[in-house]
Amino acid sequence: MNLHEYQGKEILNSFGVEIQRGIVATTPAEAVAAAKKLTEDTGTSWHVIKAQVHAGGRGKGGGVKLAKNLQEVEEIAGSIIGMNLITPQTSAEGKKVHQVLIAEDVYYPGDSEPEEFYMSVLLNRSTGRNMIMYSTEGGMDIETVAEETPHLIFTEEIDPAVGLLGFQARRIAFNLGLSGKAFKEMTKFVSALYRAYSESDSSLFEINPVLKTSDDKIIAVDAKVSLDDNAMYRHKDYMEMRDKREENPVEVEAQEKGLNYVDLDGNVGCMVNGAGLAMATMDLIKQAGGEPANFLDVGGTANAERVEAAFKLILKDPNVKAILVNIFGGIVRCDRVAQGIVDAYNNMGTINVPIIVRLQGTNADIAKELIDNSGLDVQSAIEFQEAADKVKEVLS
């Protein structure tokens, strides 16, 4: 589950990570009130207006701007709220901005120059260890840094059973070129950041930039946070942070119906039981010259109701030119699935795309007979290759 910047900062702050303070607003009037409140609390005279969407690169799309007075706060907030923000991480249509974060200006003058760093905490799946990735090149896309100056990216691997050790936090501060007060503040920042990542059961904490201020404080200016869905039962308070407006509406609907669905960009809809078989089916479609339009696992109870719900989800995509149903009848009997497909088809009326059904396993022969004798525009198959050939035929 992805979070907005302000939500990620709330979690960071709860673990003792110093953050750029801010207040969320949904209207220009609320933005002005938030700016006044922030000035009272922090003394800031300038304010940063940040669009709150689940996408990076907001500044490049015009979603992060500096306001030097209250009039500019109102004008900028008014221009950002309601806009479709297009960034390198959104679709061509962009994402609609429903709220903005009014944040304090932390780039104030002082005894030293501010410095920006990049830092993230994530799991290194190849080693089974947590990893802190960091760089002196904060404020830039880490992909660009990795491509152009890979020697400026450092990593620190952490045994999750032991946790972050003191010398590792000090090594990070040293590699970032810090000394004195800034060095001490960075070691505290890194330790608190790792604890936030670990104890919140997150899959990613990305702070870009981490700022060393002109008076040597270390603060998180941004926060990109992804929580592990599998651990949400331990953090029910975090579930309240979910913003369904930022998610694919079809995927949200599928989740509410108990279906595992991921939207893709292809032309062949998939309906499968079992994640492994679903992946194999997507490969099958590729080999047949098509592109999978979705990942859809209906689970072990592929009855008429679930099949009908799955068909409706698939058909919401106008790019779908065919549907491949690939069910292995181990726990569930193939003839029951076949009857479910026939019932769902009849309930929905005309389906204007070809449907290929491959049922293999318990009572597969009875299932094929049910499909073939249904009088519906549905093609049946027994073998994997036979299903592939039929997909290729309907797409040609």
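Modeller: What follows goes from the overall make-up to particular residues. This is a predicted model, in which local features need pLDDT of at least 70 and side-chain atom pairs count only at pLDDT 80 or more, while totals for chains, interfaces and linings use all residues. Residues are numbered from 1 along each chain as its sequence is written, and side-chain values use heavy atoms, with hydrogens and water left out.

Colleague: OK, how many helices and strands are there in the protein?

Modeller: The protein has 13 helices and 18 strands; these are DSSP runs numbered from the N terminus, with helices being H or I of at least four residues and strands being E of at least two. Along its principal axes, the C-alpha trace spans about 85 × 50 × 40 Å.

Colleague: And what share of the residues counts as buried?

Modeller: Of the 396 residues, 48% count as buried, where buried means under 20% relative accessible area, exposed means over 50% and partly exposed is in between, using a 1.4 Å probe and protein chains only. Turning to contacts (heavy atoms within 4.5 Å), among those with a separation of 6 or more, 67% are between residues 24 or more positions apart.

Colleague: Which residues of the largest nonpolar core touch the most other members?

Modeller: That core has 39 residues, and Leu12, Met119, Ile132, Met186, Phe189 and Phe205 are the ones that touch the most other members. A nonpolar core here is a set of buried Ala, Val, Leu, Ile, Met, Phe, Trp, Tyr and Cys residues joined through side-chain atoms within 4.5 Å. The elements that each supply at least two of its residues include α1 (5-14), β7 (115-124) and β10, and the largest share, 9 residues, comes from α6. In soluble globular proteins, nonpolar side chains tend to be buried together.

Colleague: What does leucine 12 touch?

Modeller: Leaving out residues up to four places away in sequence, leucine 12 touches Val17, Ile19, Leu193, Ala196, Phe205, Ile207, Ala220 and Ala223. There is also a second, separate core of 36 residues, with Ala254, Ile314, Ile341 and Ile355 among its members.

Colleague: Changing topic, how many aromatic pairs does a search of the whole structure find?

Modeller: The search finds 2 aromatic pairs, and rings of Phe, Tyr and Trp (its six-membered ring) pair if their centres lie within 6.5 Å, with planes under 30 degrees apart counted as stacked, over 60 as edge-to-face and the rest as tilted. Tyrosine 134 and phenylalanine 154 are stacked, because their ring centres are 5.4 Å apart and their planes are at 20°. This pair links distant parts of the chain, with tyrosine 134 in strand β8 (residues 129-135) and phenylalanine 154 in strand β9 (residues 153-158), 20 residues apart. Tyrosine 134 is buried, at a relative accessible area of 1%, whereas phenylalanine 154 counts as partly exposed because its relative accessibility is 25%. Tyrosine 194 and tyrosine 197 make a tilted pair, 6.2 Å from centre to centre and with 40° between the planes; both lie in helix α6, 3 residues apart, about one turn of the helix, and both are buried.

Colleague: How much space lies in the largest pocket?

Modeller: About 1,100 Å³. On a 1 Å grid over the protein atoms alone, a pocket is an open set of points where a 1.4 Å probe fits, with protein on both sides within 12 Å along at least five of seven lines, and lining residues have an atom within 4 Å of a point. Grid points are joined across faces, edges and corners, and the volume is the space filled by probe spheres set on the points. Of the 41 lining residues, Gly56, Gly57, Arg58, Asn208 and Asp222 are the closest to the pocket centre, and β10 gives the most to the lining, with 5 residues.

Colleague: Which peptide bond is cis?

Modeller: The bond from asparagine 208 to proline 209 is cis, with omega near 10°, and proline 209 is found in strand β10.

Colleague: Why does aspartate 201 count as buried?

Modeller: Aspartate 201 counts as buried because its relative accessibility is 18%. Aspartate 201 sits in the loop between α6 (180-199) and β10 (202-212), and its phi is near 55°, a positive value in a residue other than glycine. Beyond its neighbours within four places in sequence, aspartate 201 contacts Leu227, Asp228, Ala231, Arg234 and His235.
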